[in-house]
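Subject: Structure for you to look at

Hi,

Here is the structure I promised to pass on. Have a look at it first, and then read my notes below.

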Amino acid sequence: MKIGGLQKISLIDYFGKTCAVIFTQGCNFRCPYCHNPELVYPEHFTESIPFERVYEFLKTRTGLLDGVVFSGGEPTLQEDLIDRIQDVRSLGYAIKLDTNGSNPDTLSEVLPYLDYVAMDIKAPMGDKYARVCGLPVDDYDIRVSMFLIKASKIKHEFRTTFDKDLLENADIIKIKNLIGKSKFNLQKCAY
């Protein structure tokens, strides 16, 4: 696993739990408002933190932290994601995954080992999705990921970053209609 950062404690990344956050390197989207460009653009990557070092740290925090969040970048791009999730889960931690939903095959493999999933919905389905992501996106994969998450009965939320230069109020209504009764968080763009 290519780990670009470790936040040793967070009170906001996993609702109701104290957690650590593992930030993976690499993303297949290029959203203009991304707040983690050092995890997205290879030219900004620092030397990866060995998973063994993260694992040893997490062993010292059992009983003190409730959970671990795998975030990014995009964690589902990591070939060994399921192994690392199982390793951390074996320590007794609740596991949350933050994802953009672009890799439903990997998502379906890891879902049985998760306690919570947060998936970003970048825009309504169609051409606007690719415009917001900065690259072509197969919205079929996004829809499949949404279906998998909803069908899993795992606690979850969908979230959208509202950038007024890219989205309109009507887009948010379309997104809400798409996700139905699932929890939805509208995040203000911070750039």
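Which residues lie nearest the centre of the largest pocket? They are H35, D98, D120, R159 and Q187, among the 36 residues that line this pocket. Its volume is about 900 Å³. Elements giving two or more residues to the lining are β4, β5 (116–120), β6 (155–162) and β7 (184–188).

Before going on, some background. The model is predicted, with local features needing pLDDT of at least 70 and side-chain atom pairs counting only at pLDDT 80 or more, while totals for chains, interfaces and linings use all residues. Residues are numbered from 1 along each chain as its sequence is written, and side-chain values use heavy atoms, leaving out hydrogens and water.

A pocket here is an open set of points on a 1 Å grid over the protein atoms alone, where a 1.4 Å probe fits, with protein on both sides within 12 Å along at least five of seven lines; lining residues have an atom within 4 Å of a point. Points are joined across faces, edges and corners, and the volume is the space filled by probe spheres set on them. Helices (H or I, at least four residues) and strands (E, at least two) are DSSP runs, numbered from the N terminus.

Now to strand β3 (residues 67–71). β3 runs parallel to β2 (residues 19–24), joined by five bridges (pairing takes at least two DSSP bridges), and I22 stands opposite F70. With β4 (residues 94–99), β3 pairs in the parallel sense over four bridges; here V68 stands opposite I95.

Helix α3 (residues 81–89) has L81, R84, I85 and V88 buried. These cover an arc of only 100° around the axis (taken from the directions from the helix axis to the C-beta atoms), which puts them on the same side of α3. Their cover includes α2 (51–60), β3, β4 and α4 (104–110), where contact means heavy atoms within 4.5 Å.

Helix α7 (residues 169–179) has D171, I172, I175 and I179 buried. Their arc is also only 100°, which puts them on the same side of α7. On the other side, N169, I173 and N177 are exposed (over 50%). After α7 comes G180, with a positive phi near 70°.

Happy browsing!

Note on methods: Buried means under 20% relative accessible area, exposed over 50%, partly exposed in between (1.4 Å probe, protein chains only).
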